[in-house]
Amino acid sequence: MRRTVVTCLVGTALHVWPAAGQENVPVIAVVEVESGSALLSAASVRVAIESALMEMPGVTTLKRKDLAALVEDAGISLAGVRANAALREASGIDYVLTGRVEASVSSKLSPLGTLLRVLGSGSECTAAVGVDVEVVDLGTGDTAFGAKVTHREPVEVVYPPGADYSNPCRYANRSRKWRALEAARDGVATEIARKLTLALFPMKLIRVAATEVTLNYGDLFLSEGDQLKVVAETSSVGEPGDGAPVVGYIAVSAVGPRAAVAQIIYARRPPAVGDRAAVLAKGEGKQLERMLAAMARAAAKQERACENARKRVRRYCPRDPDSRRCRNAEAAVKANCDIVQ
């Protein structure tokens, strides 16, 4: 039954989601990626970002070699690509992406490192890749997206007898470090592609029912059980945690390739088509749990008060409907049983 519902709603989403219903899909070209580290080449990061963007819905990616040919035909340098309306008209490119990469492999002492070092787990060897990325509208030169994105991966370490556990990286060979760097590079590329896609096409409600809503993103971005906050359509929210007023919370119950169904778990006002949504951060999820738990306790307390008031009505009112006890009991029912039916 759930699969049938998702299939129907995904069919509706095809007319809303830009990858399926938009005639002019934005084109993004990765212009230049510089590397400030000898550990990781700029070319490998650029290719990883291009590959990650190809997996994203709603955009088309132009590889740098194709861009170079267009630039050469136009008689300009790559430096002039940042804002060139004529090139945009000639090539169809909407956005250009530039970035600078920093990469490292280092040992990091855990908070309990001094104690845990005795147990052989006080430090860890970690590969980290960070990219300062900027995406510019080719026609206007305005920045459409900018962020510093970092991804970390643990490096596999095999300790010899008598090893110094405070510096595990010295016991990781070059191939293990490189595999961790590759994983961190691919992870940061995927995160950049996801953030950029959400910046260009925010997650929105495309259908609203009594107890559930439909979102314009599918299984590339959402999974069953994900909790999201909903903000008003007029809010300029692009990323979670940016201070936009929250109007409600939803939980994903079913996911298709291009759309997802979510149940409304709390709403300050009824959600509306066009309202934006963002997956809860870890801290926000805990806050929501505490809020729902407090609401559940308050509801249970009111339900008990309602039942006790009804018991007093059944006890006192048949004897003397005009007695003070009957009137007080009826007033308690009115006060505590309006919501609890």
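**The cavity and its surroundings**

Author: The largest cavity has a volume of about 30 Å³, where volume is the space filled by probe spheres set on grid points that are joined across faces, edges and corners. The model is a predicted one, in which local features need pLDDT of at least 70 and side-chain atom pairs count only at pLDDT 80 or more, whereas totals for chains, interfaces and linings use all residues. Residues are numbered from 1 along each chain as its sequence is written, and side-chain values use heavy atoms, with hydrogens and water left out.

Rolling a probe the size of a water molecule over the atoms shows where empty space is left. On a 1 Å grid over the protein atoms alone, a cavity is a set of points where a 1.4 Å probe fits but cannot get out, a pocket is an open set with protein on both sides within 12 Å along at least five of seven lines, and a lining residue has an atom within 4 Å of a point. A search of the whole structure on these terms finds one cavity of 30 Å³ or more.

The lining of the largest cavity consists of Val230, Val247, Gly248, Tyr249, Ile250, Ile264, Tyr266, Ala267, Arg269 and Pro271. Strands β9 (246-255) and β10 (260-267) each supply at least two of the lining residues, and β9 has the largest share, with four; helices (H or I, at least four residues) and strands (E, at least two) are DSSP runs, numbered from the N terminus. By class, the lining has eight nonpolar, one polar and one charged residues, if Ala, Val, Leu, Ile, Met, Phe, Trp, Tyr, Cys and Pro are taken as nonpolar, Asp, Glu, Lys and Arg as charged, and the others, Gly among them, as polar.

The second largest pocket, an open space, has a volume of about 160 Å³. It is lined by 14 residues, of which Ser104, Ser106, Thr126, Ala128 and Arg152 are the closest to its centre. Two or more of its lining residues come from each of β3 (95-109), β4 (123-137) and β5 (143-154), and β4 gives the most, with six. The lining of this pocket divides into three nonpolar, six polar and five charged residues.

The packing of the side chains gives a further view. In soluble globular proteins, nonpolar side chains tend to be buried together. Here the largest nonpolar core has 53 residues, among which Ile49, Val129, Met203, Leu215 and Leu222 touch the most other members; such a core is a set of buried Ala, Val, Leu, Ile, Met, Phe, Trp, Tyr and Cys residues joined through side-chain atoms within 4.5 Å. Helix α7 (residues 174-200) gives the most to this core, with 10 residues. Leu222, leaving aside neighbours within four places in sequence, is in contact (heavy atoms within 4.5 Å) with Met203, Leu215, Tyr217, Leu228, Val252, Val255, Ala260 and Val279. A second, separate core has nine residues, including Val27, Val31, Ile93 and Val96.

Leu198 is found in helix α7 and counts as buried because its relative accessibility is 18%, given that buried means under 20% relative accessible area, exposed over 50% and partly exposed in between (1.4 Å probe, protein chains only). Apart from neighbours within four places in sequence, Leu198 is in contact with Met203, Tyr217 and Phe221, and the C-alpha atoms of Leu198 and Met56, although 142 residues apart in sequence, are 10.0 Å apart in space.

Pro154, which lies in strand β5, counts as exposed because its relative accessibility is 61%. With neighbours within four places in sequence left aside, Pro154 is in contact with Cys125 and Ala180, and its C-alpha atom is separated by 9.1 Å from that of Leu181, 27 residues apart along the chain.

Across the protein as a whole there are nine helices and 11 strands, and buried residues make up 40% of the 341 residues. Of the contacts between residues at least 6 apart in sequence, 65% join residues at least 24 apart.
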